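A short report on both follows the display.

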Amino acid sequence: MSDSADHVDAFLVGPLSGDRYVDEGVTRPGGGALNMAVHQTRRGLRVELVSRVAESQRDLVDSFLRRNGVPATSSLYVPGEPCTIDVRFADDRQPMMDHFVEGILADFRLSDQEVGRLATGTPTHLVLVDVVDRELHRLASTGAVDGMNLTGDFLSFRHFTVERFAATMRHLDIGFVGWPSEPTDDVVAELVATTVAAGQMLVVTFGSVGLRVVDARDPGAPIDRWFDVDARPVVGTTVGCGDAFIAAFLASWHSGAHHHDLDRAVDAGRELGAAATTWRLALPDDAFE
């Protein structure tokens with residue numbers, strides 16, 4: 001996070017990894033929070049990435065952040081083993097990821113300064129891998145999340161149960177789930193019922209099939225809407241579609257001119273999510289080269 005008190009439009013909290021592209025023999029910075037930071041910066045927002053990076057990866061990450069105009073700060077870098085993952089592509093250009101090394105992220109914890117800045121109410125998005133979810137609950141147990149404006153990405157829900165989802169959603173304004181199967185799955189119905197019972201908001205995406213938005217924050221006028229997606233042939237890869245959708249959705253959702261305009265937010269997310277299918281990596285090539 002920035003060492004200064006400059007204005008910030010959004011914080012993005014999540015892991016930052018060294019993605020080792022095995023077939024190419026190169027390592028690039030990766031991670032959902034990093035991808036979203038790039039997307040939102042390109043939309044004119046001032047964002048700050050809240051993560052931890054091993055000192056040995058400083059040059060790699062610093063050059064990437066400078067190229068993309070995302071602030072880098074001293075609190076980002078810590079000594080220890082880097083977080084890495086191996087990436088290969090199948091013949092259909094879909095990614096295969098394995099050999100994940102958690103490294104320094106195993107001990108991820110926000111500093112008191114970071115907690116204080118997030119508690120100012122600036123929109124903050126959490127990429128809810130295990131270590132981030134654990135840190136959220138630690139902060140909640142101390143009352144530190146009071147005053148925070150939190151949204152969260154449950155990714156493909158692989159590491160969650162409905163019970164754990166409910167416990168985490170309690171602290172979020174909006175939850176996002178990239179569901180890997182059918183909209184009619186029983187678990188989806190349970191997630192919706194849990195969201196409605198708690199009076200919260202949930203966005204569930206189903207790839208090229210569409211997305212469902214449930215907003216029960218106003219019990220007098222609950223919303224449960226289905227949005228179609230303009231399915232396109234994937235000429236790149238789908239690896240960055242979810243990050244692109246969420247980044248654009250939230251950038252629109254929190255904007256002053258169209259604050260909390262659901263249709264505009266969904267349109268923005270669908271547009272950038274569709275564009276991501278044309279990229280060969282999680283971001284456009286010019287983010288890396």
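The text below takes the helix pairs in turn and then the cavity and a pocket.

This is a predicted model, in which local features need pLDDT of at least 70 and side-chain atom pairs count only at pLDDT 80 or more, while totals for chains, interfaces and linings use all residues. Residues are numbered from 1 along each chain as its sequence is written, and side-chain values use heavy atoms, with hydrogens and water left out.

**Helix packing**

Two packed helices are described by the angle between their axes and the distance between the axes. Axes here are lines fitted to C-alpha atoms, for helices over the stretch in contact, and angles run from 0 to 180 degrees between N-to-C directions. Helices (H or I, at least four residues) and strands (E, at least two) are DSSP runs, numbered from the N terminus.

| Helix pair | Angle between axes | Axis separation |
|---|---|---|
| H1 (residues 32–42) and H7 (residues 241–253) | about 50 degrees | 9 Å |
| H5 (residues 162–169) and H6 (residues 186–198) | about 30 degrees | 10 Å |
| H7 and H8 (residues 262–275) | roughly 150 degrees | within 7 Å |

With axes at about 50 degrees, H1 is therefore oblique to H7; angles under 35 degrees count as roughly parallel, over 145 as roughly antiparallel, 65 to 115 as roughly perpendicular and the rest as oblique. The crossing of H1 and H7 is right-handed, a term used if the near helix is turned clockwise from the far one by less than a right angle, with anticlockwise giving a left-handed crossing. On the H1 side the contact (heavy atoms within 4.5 Å) involves Gly 32, Asn 35, Met 36, His 39 and Gln 40, and on the H7 side Asp 243, Ala 244, Ile 246, Ala 247, Leu 250 and Ala 251. This contact of H1 with H7 has six nonpolar, four polar and one charged residues, where Ala, Val, Leu, Ile, Met, Phe, Trp, Tyr, Cys and Pro count as nonpolar, Asp, Glu, Lys and Arg as charged, and the others, Gly among them, as polar.

H5 and H6 pack at about 30 degrees, which makes H5 roughly parallel to H6, and their crossing is right-handed. Val 162, Phe 165, Ala 166 and Met 169 of H5 make the contact with Val 187, Glu 190, Leu 191, Thr 194 and Thr 195 of H6.

H7 and H8 cross at roughly 150 degrees, which makes H7 roughly antiparallel to H8. Among the H7 residues that meet H8 are Phe 245, Phe 249 and Trp 253, and the contact of H7 with H8 divides into 11 nonpolar, three polar and two charged residues.

**Cavity and pocket**

On a 1 Å grid over the protein atoms alone, a cavity is a set of points where a 1.4 Å probe fits but cannot get out, whereas a pocket is an open set with protein on both sides within 12 Å along at least five of seven lines; lining residues have an atom within 4 Å of a point. Grid points are joined across faces, edges and corners, and a volume is the space filled by probe spheres set on the points.

How many cavities of 30 Å³ or more does a search of the whole structure find? The search finds one, and the largest cavity has a volume of about 80 Å³. Helix H4 (residues 130–141) gives the most to its lining, with four residues, and the lining residues divide into 11 nonpolar, no polar and one charged.

The second largest pocket has a volume of about 200 Å³. Of its 18 lining residues, Asp 9, Ala 10, Leu 45, Pro 123 and His 254 are the closest to its centre.
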